[in-house]
Amino acid sequence: MKRTAVCWLLSLWLMIFTLSGCTCSFQRESSQSGSPSSAIEESPPPVSSSRKDSVSEPNGPQSPADEEEKPAEGIHPYLASLIAPIVEEISAPGMSDYEKTRAAFDYMITHVSMEEPIGLELWRIHGGGDTPIPFVEQRAISPLRFGVGMCEDYAAALTLLLRGMGLSAEYVPGLTFSAEGHLVDHAWTMVEIDGSWYHLDSQLEDNISRHGAVRYKYFLRGDASLSGSHRWGQNLIDSRLLSEKQNEEIRESFPAPAAPGDYPTPQRLELEETPAPDLNALRAEAATELADWEAENGPLPEMELNIIPPVFGLEGYGPADEG
């Protein structure tokens, strides 16, 4: 889970370093390879989740018929262009907030695979800007555009999808258990439905989605349920596992709303497995797109991209070869 800031001249460097566990391990030694973060009860290898045939027919309280979708506001135009067609694909008139949430969650499970992020600089040639985009937007690019990412990318993309569907959603940095039973840094999402907040961990759900079904173990969970496998917000501060600087960042930026209880668990979603994405082809696509733009417009100025995860930074948390 080691990471470093990136500038445009180091695009190739991003492709050389490997990612271990649930986050970008930009500074890990190449000889170290880790397993994806997963709750201690479930520790299979990541499932290739480029599955397309997702069928969802949830039941939930209906939104007012005349209520319109609220577009994601204040985000970079490239992110908006990635979110809009996905929201259109998974939305239907009159969906309840629950149905919107499940549609977005199912999309992440059926369209995203656990791999290192790709195309981190593409926002710079699609709308551009003189300053780095926020971390959540930066890390959402790879899942939304290429269907691959680590836990931060899953969490960021789901957060923005939910916001794009008019819901209140937050990115949550915290800890979970590795397959070996050690706490390691992780990230997931919270969403508000009918006035109550819930946790959604799409990356861990994808991690345990085997035998052709999503079980919704990490879907719309309350604090009590999730605290058995996760640490975040005040309960992470109270655990005294982090430095005071990290605790202060959590207090100021990631306090996390209270989630008083679980939402009823839906029936399993049956999946049709499809092959894993062709990572070399995806990387080549991103590199070619950037090269073509620079051939016409000249090299991009140097810029440090906002890829360093909050709270845990470059060092991460837990054994270097696990999380």
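1. How many bridges join β3 to strand β8? There are 3, and β3 and β8 (residues 230-232) run antiparallel. Strands here are DSSP runs of E with at least two residues, helices are runs of H or I with at least four residues, and both are numbered from the N terminus. Two strands count as paired if DSSP finds at least two bridges between them. Within this pairing, G174 has W232 of β8 as its bridge partner.

2. A word on what you are looking at: this is a predicted model, in which local features need pLDDT of at least 70 and side-chain atom pairs count only at pLDDT 80 or more, while totals for chains, interfaces and linings use all residues. Residues are numbered from 1 along each chain as its sequence is written, and side-chain values use heavy atoms, with hydrogens and water left out.

3. T176 has V184 as its bridge partner in β4, and F177 has L183. The hairpin of β3 and β4 has 5 residues between the strands, and G181 there takes a positive phi near 95°.

4. Now step back to the whole sheet. It is open, with 5 strands in the order β7-β5-β4-β3-β8 and antiparallel pairing. β7 (219-221) and β8 stand at the edges with a single partner strand each, so one side of each is left without a neighbour in the sheet. From one strand to the next, the twist averages 45°. Helix α3 (residues 97-111) packs on this sheet, touching β4, β5 (196-200) and β7, and its direction makes about 125° with that of β7. Contact means heavy atoms within 4.5 Å; axes are lines fitted to C-alpha atoms, for helices over the stretch in contact, and angles run from 0 to 180 degrees between N-to-C directions.

5. Helix α3 also holds a charged pair. D106 and R102 meet in a salt bridge, at 3.5 Å from N to O; the term means a side-chain nitrogen of Lys or Arg within 4 Å of a carboxyl oxygen of Asp or Glu. The two residues are 4 apart in α3, which means that about one helical turn separates them. D106 counts as buried because its relative accessibility is 1%, and R102 is buried with a relative accessible area of 6%.

6. The structure holds 11 salt bridges, and two others deserve a look. In one, D153 and R139 have their closest N and O atoms 2.7 Å apart. This pair links distant parts of the chain, with D153 in helix α5 (residues 151-164) and R139 in helix α4 (residues 135-146), 14 residues apart. D153 counts as buried at 0% relative accessibility, and R139 is buried at 0% too.

7. The other joins R145 and E285, at 2.9 Å from N to O. It links R145 in α4 to E285 in helix α10 (residues 279-297), 140 residues apart. R145 is partly exposed at 25% relative accessibility, and E285 is partly exposed at 37%. Elsewhere, salt bridges that share partners join R139, E152 and D153 into one network.

8. Turning to the nonpolar residues, the largest core has 75 of them, and L144, L161 and L220 have the most contacts inside it. A nonpolar core is a set of buried Ala, Val, Leu, Ile, Met, Phe, Trp, Tyr and Cys residues joined through side-chain atoms within 4.5 Å. Helix α5 gives the most to this core, with 9 residues. Leaving out residues up to four places away in sequence, the contacts of L220 include Y98, V191, Y198 and Y263. A second, separate core has 10 residues, among them V172, W188, M190 and L226.

9. Last, have a look at helix α9 (residues 244-253). Its buried residues are Q246, N247 and I250. They cover an arc of only 100° around the axis, so they lie on the same side of α9; the arc is that of the directions from the helix axis to the C-beta atoms. On the other side of α9, K245 and E252 are exposed. What covers the buried residues of α9 includes α8 (233-238).

Note on methods:
Buried < 20%, exposed > 50% of the residue type's maximum accessible area, 1.4 Å probe, protein only.
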